[in-house]
Amino acid sequence: MSTCAQDTICRLESLIAEGVGPNQYKTWFKNATNFTLGDGFLKVAVPNQFVGGWLEKHYSDTIAHAAQQVTGRKLDLAFTIDTDLARSLRKHQPDSQATSVDRYPERLAREWQRTGSGAPGGNMPSQRYRLDQFIVGPCNQLAYSAVCAVSEKPGQQYNPLFVHGGCGLGKTHLLQGLCNQIKEKRAELRWHYTSGEDFTNEFVFALRSAGQDAFRHRYRHVDVLVIDDIHFLANKDRTQEEFLYTFNAIDHCGKQVVMASDAHPKMIGHLSDSLVSRFVSGMVIRVETPGAPTRAELLRRQARLRKIEIAEPVIEFIAERLHTNVRELEGALCKLIVTAEVSRHPITLSLAKQVVDELMGDAVTAVKLSDICSAAAIYFGLKPADLHTSRKTRTIALARGIAMYLARKHTDMSFPEIGRFMGNKNHTTVILACRRVRNMIDAHDSVEWSSGQGGGMVVADLVVELENQLGVGRKRG
């Protein structure tokens, strides 16, 4: 990196530190991010999906504003995972991040008071994504059409609308694009966009501060309620009850509810029967992994947005080799452009092969056993700690066994290492669990678990669903 570029990055980091404050900067940015300036975009490297998701959700505006100040132009943000950052991250950093997450509801409440955004009927700022920027293909045509129909006539059809699918397939893009469409075309409507996590945090804070009335007024007096990651409500009985009341209040008034989740409503463990029945009473649509033509078109769109000319053979090569999700494609394109700039070489098929090979090698080590346990626990409505206990209920045993199987398949950890991580289990326990899951997959067996929402789920489909959520659709080696 040139001295000029280094100075620019230093100024960028200083502005971000001023914007978020020293404590938040130390928790979320120091030793956990690496910035690279490209032509029209800023690459933000992060150690894992959790940190990347948190930064993208809560600090995108701060980062973008700082980048605009130091460069004099508006830049797009591209979040990518850097395994070197994960290895060098300080051991105390995750604890600091967990503490910050725990305190988030109080910070959010202070923000309401400062901005007045909690006032009933007040719409939110424009969201990041737009519908006219969404790449439509066979994998998402139905979901896109349903969202467009809702934007034209909220509450009159497809109500509720429930979109589900793996990570990085465009669900958030659709939901935020819907909000922007309503904001521009139906300005008279009151809408609110949030996530299952924020809804839970706000409800918890409302209980602690005796602010239930304000909370309910905020959520129930809207024309369109849009909630992303609704699966976050799993295993949270009190929050589920409150959301059911909120849902019923909006539905009884003929207003619109739109939700997105990583899994079908019936596949979200520990979700109440009442909520599941409400969710499936409308339109439930799955977003599939995009096919090669759709992936290629997405890459062309990204190249045009960045005003970079990329030869068609390069586009087709990347689209054929990388097929897990949209974020993977965007990350590959970002890395290719940066590599070409740093090395001062043109973007050729040879360079694309080099970059993609590196990315596919990184993908083998990027997934961690902790990520696998977390994904399996969320899917089955458990806490990650439940998988490390000696409890053997049907749900815990199934989640634990599948987590062990995925760990063996997608990490380089040995049977004893997996056993030690998951509560000092004997390595033979891990071997038997992996063998049992493999046999169920080969026999096309179905399973169900104690929440009652998993009846008749084919094990092979369940494993693929979790792999899609983890972004590891390929087997290593």
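**A guided tour of the predicted model**

Begin by selecting residues 459–470, which form helix α22. This helix has twelve residues and reaches 17 Å from its first C-alpha to its last, close to the 16 Å expected at 1.5 Å a residue. The structure on the screen is a predicted model.

Remain on α22 and display its side chains. Nine of the twelve residues are buried, and the helix is thus mostly covered. Among the buried residues are Val-459, Leu-462, Val-463, Leu-466 and Leu-470. The buried set also includes Glu-465, Glu-467, Asn-468 and Gln-469.

Next, select Val-51, which lies in helix α3, residues 49–58. Is Val-51 buried or exposed? Val-51 is buried, because its relative accessible area of 0% falls under the 20% cut-off.

Cys-10 is partly exposed, with a relative accessible area of 45%, whereas Cys-253 is exposed, at 54%. A search of the whole structure for disulfides finds zero.

Finally, colour the chain by pLDDT. The mean pLDDT of the protein chain is 82, and 85% of its residues reach 70 or more. Select residues 113–122, over which pLDDT stays under 50. For this stretch, the model has eight contacts beyond four places in sequence. Residues 451–455 also have pLDDT below 50, and this second stretch has 17 contacts beyond near neighbours in sequence. Where pLDDT is low, the predicted coordinates should not be read in detail.

How values were computed: Residues numbered from 1 in each chain as written. Predicted model: local features only at pLDDT ≥ 70, side-chain atom pairs only at ≥ 80, totals over all residues. Heavy atoms only, no water. Helix = DSSP H or I, 4+ residues; strand = E, 2+ residues; numbered from the N terminus. Expected span 1.5 Å × (residues − 1). Buried < 20%, exposed > 50% of the residue type's maximum accessible area, 1.4 Å probe, protein only. Disulfide = S-S within 2.5 Å. pLDDT = per-residue confidence, 0-100. Contact = heavy atoms within 4.5 Å.
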